[in-house]
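Thanks for coming. I have one structure to go through today, so let me put it on the screen.

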Amino acid sequence: MELELTNFYSRLGTIALILVLGFYLGKKKIINHEINNGLVNLLLSVLMPASLFLAFPTEYDETKSQMFFSGLAAGFVVMLALIFLSRIIFSKLFYKGEFRFESQFALIFNNATFLGYPIIASTFKEQGIIPYCGFIIAFNIALFSYGVYLFKRKVDKELFTGIVKNPNIIAVVLGVIVFMAGIKLPTFVNDAVGYVGNATTGLSVICIGYMLSRADFKAILKKWRIMATALIQLVVGPLATWGLLTFLRFPVEVITVCTLIQALPTATSLGLFAAKYGGNEIESSELVAVSTLLSIATMPIMVALLLG
């Protein structure tokens, strides 16, 4: 699987237009904080799981099965590598600020859900979605275990229940079972899930556009550590992913998908986790905004350098 840059930039342009729409709706207050929170919950609990469930082919295929498990293995490799790097780069020795754990989170977890799915789905279709589904299992397991641990600094029951009850993980596991067993669902069931899942791309990007509309970029750009953290995340993530997976000889499809995902801005869940678990909510949200803005410049460069 080769990434055609012309096609990729075209898809990126489409995403950018929807992003502008979300920004406009936020500025005009057509979407407010409550509406956006409702859309985010709808996306994470219903729309995204529906999309992931339908990503699997209706008939079993050995090659596609191997691609899924390669994506799963690559996901765990990438998550462990980024956890290790984050603890070195944002350690007490080199990064003494109180924003250390939020910065570690930002390097490890990027916007693999809200931006990753629409970009992978629109650019590669099924060929990219299959390894993406494997990757997203590892991503969500890490997010709802180590991601929560970074803020709570303790291991408790919530870390495990968050993984087991995560709708995206449940949807992918069900999709794997249906795929591996060769189960054919009734047409009306597939159609219903499809109609729901098709709303994922547009709504997810609109939500990100809204979040950007709330940011005060003039004030944010004066905070050097937020800028530095965002740049480190946008450069180190894809470089480390491409280098490690290439060294380990993963399939080119898996390397392409995982590298592209790591070139995305940091996860919007950083602000949500900081608010829920007592982190620096304001600067976490600012970091998400800066990372998203800078990715407009860094993402095409990293993609052209590593995948072009």
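Which residue lies over the face of Phe101? Arg100 does, at 4.4 Å from the ring centre. Before I go further, please keep in mind that this is a predicted model.

Next, the aromatic rings. The structure holds seven aromatic pairs. One of them is formed by Phe109 and Phe139, and its geometry is edge-to-face, with 5.8 Å from centre to centre and 85° between the planes. This pair links distant parts of the chain, as the two residues are 30 apart. Phe109 sits in the loop between helix H4 (100–108) and helix H5 (116–124), while Phe139 belongs to helix H6, residues 126–152. Are these two residues buried or exposed? Both Phe109 and Phe139 are buried.

Where are they placed? Lys29 is in the loop between helix H1 (5–27) and helix H2 (33–54). Arg249 is in the loop between helix H12 (224–247) and helix H13 (252–262).

On accessibility, Lys29 has a relative accessible area of 65% and is therefore exposed, the cut-off being over 50%. For Arg249 the relative accessible area is 75%, so Arg249 is exposed by that cut-off too.

Key. Residues numbered from 1 in each chain as written. Predicted model: local features only at pLDDT ≥ 70, side-chain atom pairs only at ≥ 80, totals over all residues. Heavy atoms only, no water. Helix = DSSP H or I, 4+ residues; strand = E, 2+ residues; numbered from the N terminus. Buried < 20%, exposed > 50% of the residue type's maximum accessible area, 1.4 Å probe, protein only. Phe/Tyr/Trp six-rings, centres within 6.5 Å; stacked < 30°, edge-to-face > 60°. Lys NZ or Arg CZ within 6 Å of the ring centre and 35° of its normal.
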